[in-house]
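Subject: Predicted model, handed over with notes

Hello,

Here is the model we talked about. Please have it open while you read the notes that follow.

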Amino acid sequence: MAKLNDIAEMVQVDVSVFGIKRTKADIAAGQTDSSIVAAVTGKKIKVLALHAQAGGTATTIVFNSASTAISPIYANAANGGVVLSFNPAGWFQTNVAEALTATTGAGSSTGITLTYIEVE
């Protein structure tokens, strides 16, 4: 039976093969399908970690593959947000050759930082 440290090491090595990437975006309130990561020919964008922080007014955010929702609705209080800690299996991913976008509610702007990989 593998030890927890051995499993963690295997996961880290496996993820590093794909080349972890990071990005940030500021999405204005009331946006539909605002681009976070551009589409990549022949690849899916798999989100491994995420932080989304609302401004001074409560708002919602949904992450999309192009224009199709791929996450639940995250309802963020004023100056609140959501954190999805590192998950080597990924929290959600786009369809092949589709951009990762976000749709926000009418509240305030939302700042996003995320860690992702491109997979086939």
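**Salt bridges**

Lys-21 is partly exposed, at a relative accessible area of 34%. On this scale, buried is under 20% relative accessible area, exposed is over 50%, and partly exposed is in between (1.4 Å probe, protein chains only).

Some ground rules before going on. This is a predicted model, in which local features need pLDDT of at least 70 and side-chain atom pairs count only at pLDDT 80 or more, while totals for chains, interfaces and linings use all residues. Residues are numbered from 1 along each chain as its sequence is written, and side-chain values use heavy atoms, with hydrogens and water left out.

Back to Lys-21. Its side chain meets that of Glu-118 in a salt bridge, at 3.1 Å from N to O. Glu-118 sits in strand 10 (residues 110-119) and Lys-21 in strand 1 (residues 21-27), so the bridge ties together parts 97 residues apart in sequence. Strands here are DSSP runs of E with at least two residues; helices are runs of H or I with at least four; both are numbered from the N terminus. Glu-118 is buried, with 17% relative accessible area.

How many salt bridges does a search of the whole structure find? Two. The criterion is a side-chain nitrogen of Lys or Arg within 4 Å of a carboxyl oxygen of Asp or Glu. Glu-120 and Lys-43 form a salt bridge as well, through their side chains, at 3.5 Å from N to O. This pair also links distant parts of the chain. Glu-120 is in the segment after strand 10, Lys-43 is in the loop between strand 2 (34-37) and strand 3 (44-54), and 77 residues separate them. Glu-120 is exposed at 72% relative accessibility. Lys-43 is partly exposed at 23%.

**Aromatic pairs and the core**

There are two aromatic pairs. The rings of Phe-63 and Phe-92 have centres 5.6 Å apart and planes at 25°, so they count as stacked. The cut-offs: rings of Phe, Tyr and Trp (its six-membered ring) pair with centres within 6.5 Å; planes under 30 degrees apart are stacked, over 60 edge-to-face, and the rest tilted. Ring pairs gather Phe-63, Tyr-74 and Phe-92 into a cluster.

Look at Ile-112. Setting aside neighbours within four places in sequence, its contacts (heavy atoms within 4.5 Å) include Thr-23, Ile-36, Leu-50, Ile-61 and Phe-63.

Thr-59 lies in strand 4 and is buried, with a relative accessible area of 5%. Its side chain reaches the backbone oxygen of Gly-105 at 3.3 Å. Beyond neighbours within four places in sequence, Thr-59 is in contact with residues including Ala-54, Tyr-74, Gly-105 and Thr-110. Thr-59 and Ser-109 are 50 residues apart in sequence and 8.1 Å apart in space, C-alpha to C-alpha.

Asn-64 is also in strand 4. It is buried, at 3% relative accessible area. Its side chain makes a polar contact with the side chain of Asp-33 at 3.2 Å. A polar contact is a pair of N or O atoms within 3.5 Å; within protein, one must be able to donate a hydrogen and the other to accept it, and residues adjacent in sequence count only if both atoms are side-chain atoms.

**Positive phi**

Most residues other than glycine have a negative phi. Asn-79 has phi near 60°. It is in the loop between strand 6 (74-76) and strand 7, and is exposed, at 55%. Ala-97 also has phi near 60°. It lies in the loop between strand 8 and strand 9, and is partly exposed, at 41%.

Best wishes
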